Amino acid sequence: MARARLTDDVRRALTDGHLGHLGTVNADGSPQASVVWVGLDGDDIVVGHLMGGRKVTNIARDPRVTLTLEASGSNQVGMRNHLHVTGTARLVEGGAPELLQRLAEVYVGPGVKFPPFDDPPAGHVIHITPERIGGVGPWGG
């Protein structure tokens, strides 16, 4: 599937500090969801994860993911804006502490140390290639 274009409105929603909900597929085909901090690396949506975990295991086996988040604003009938991204994820070993430190500045506040301990594991950075974008907001859907 082709990469979806990240408009300025989508980029703003993804970088304004709204918690994301990352859905992956368990080995038995059932859904798995994690609340995550999200950011951008070029045209990829990125999520950091320090340890191994269900979402990392699931993505290694099946890269299909979905990401949702509530965004600022609402439509003309009062529904809150929300973004829904469907895409393909790839795992990059290392870099999670640096990404999480950058995202902590948005999600927690300026000057915070995150992770809040010395010598965190390198973890993984999850890169999501967006293939479909929808929801309620200026991105349509």
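**Entry 1: Ser34**

Strands here are DSSP runs of E, at least two residues long, numbered from the N terminus. With that settled, I looked up Ser34 and found it in strand 2. The model is a predicted one, which I keep in mind throughout.

Is Ser34 buried or exposed? Its relative accessibility is 13%, and the cut-off for buried is under 20%, so Ser34 counts as buried. Next I checked its side chain, which makes a polar contact with the side chain of Gln32 at 2.9 Å. Then I skipped the neighbours within four places in sequence and listed what else Ser34 is in contact with: Gly20, His21, Leu22 and Lys55. I noted that Lys55 is one of the buried residues of helix 2.

**Entry 2: the sheet around it**

I went on to the partner of strand 2. Strand 1 (residues 20-25) is joined to strand 2 by six bridges, and the two run antiparallel. One pair I wrote down is Gly20 with its bridge partner Val36 in strand 2.

In what order do the strands of the open sheet come? I read off 2-1-5-6-7-4-3, seven strands with antiparallel pairing. Strand 2 (31-36) and strand 3 are the edge strands, each pairing on one side only. From one strand to the next, the twist averages 35°.

Further along that order I counted bridges for strand 6 and strand 7: there are 12, and the strands run antiparallel. Ala89 has Ile128 as its bridge partner in strand 7.

**Entry 3: strand 4**

How many of the residues of strand 4 are buried? Six of the six are, over residues 44-49, so strand 4 is largely enclosed by the rest of the structure. A reminder to myself: side chains in a regular strand alternate between the two faces of the sheet. In strand 4, one way goes to Asp44, Val46 and Gly48, and the other way to Ile45, Val47 and His49; all are buried, whichever way they point.

I then checked the two partners of strand 4. With strand 7 (residues 124-136) I found five bridges and an antiparallel run. Ile45 has Ile128 as its bridge partner there, and Ile128 is also the strand 7 partner of Ala89. His49 stands opposite His124 of strand 7.

With strand 3 (residues 39-41) there are three bridges, again antiparallel. Asp41 has Asp44 as its bridge partner.

**Entry 4: helix 2**

Back to the helix of Lys55. Helix 2 (residues 54-61) lies across strand 1, strand 2, strand 4, strand 5 (64-74), strand 6 (80-93) and strand 7, and its angle to strand 1 is about 50°.

Which residues of helix 2 are buried? I got Lys55, Val56, Asn58 and Ile59. Viewed down the helix 2 axis, they fall within an arc of 165°, so they line one face. The general rule is that an α-helix has 3.6 residues a turn, so residues three or four places apart point the same way. The buried residues of helix 2 pack against strands 1, 2, 4, 5, 6 and 7. On the face turned away from the buried side I found the exposed residues Arg54 and Ala60.

I picked out Ile59, which sits in helix 2. Its relative accessible area is 3%, so I put it down as buried. Beyond residues up to four places away in sequence, Ile59 touches Thr24, Val65, Ala89, Leu91 and Ile126. I also took one C-alpha distance: Ile59 and Gly23 are 36 residues apart along the chain and separated by 9.9 Å.

**Entry 5: helix 1**

Last, I turned to helix 1 (residues 8-15), where the buried residues are Val10, Ala13 and Leu14. They span an arc of only 95° around the axis, which puts them on the same side of helix 1.

What covers these buried residues of helix 1? The cover includes strand 3, strand 4, strand 5, strand 6 and strand 7. After helix 1 comes Gly17, with a positive phi near 90°.

Technical notes:
Residues numbered from 1 in each chain as written. Predicted model: local features only at pLDDT ≥ 70, side-chain atom pairs only at ≥ 80, totals over all residues. Heavy atoms only, no water. Buried < 20%, exposed > 50% of the residue type's maximum accessible area, 1.4 Å probe, protein only. Helix = DSSP H or I, 4+ residues; strand = E, 2+ residues; numbered from the N terminus. Pairing = 2+ DSSP bridges. Axes fitted to C-alpha atoms, helices over the stretch in contact; angles between N-to-C directions. Contact = heavy atoms within 4.5 Å. Arc of directions from axis to C-beta. Polar contact = N/O pair within 3.5 Å; in protein donor to acceptor, adjacent residues only side chain to side chain.
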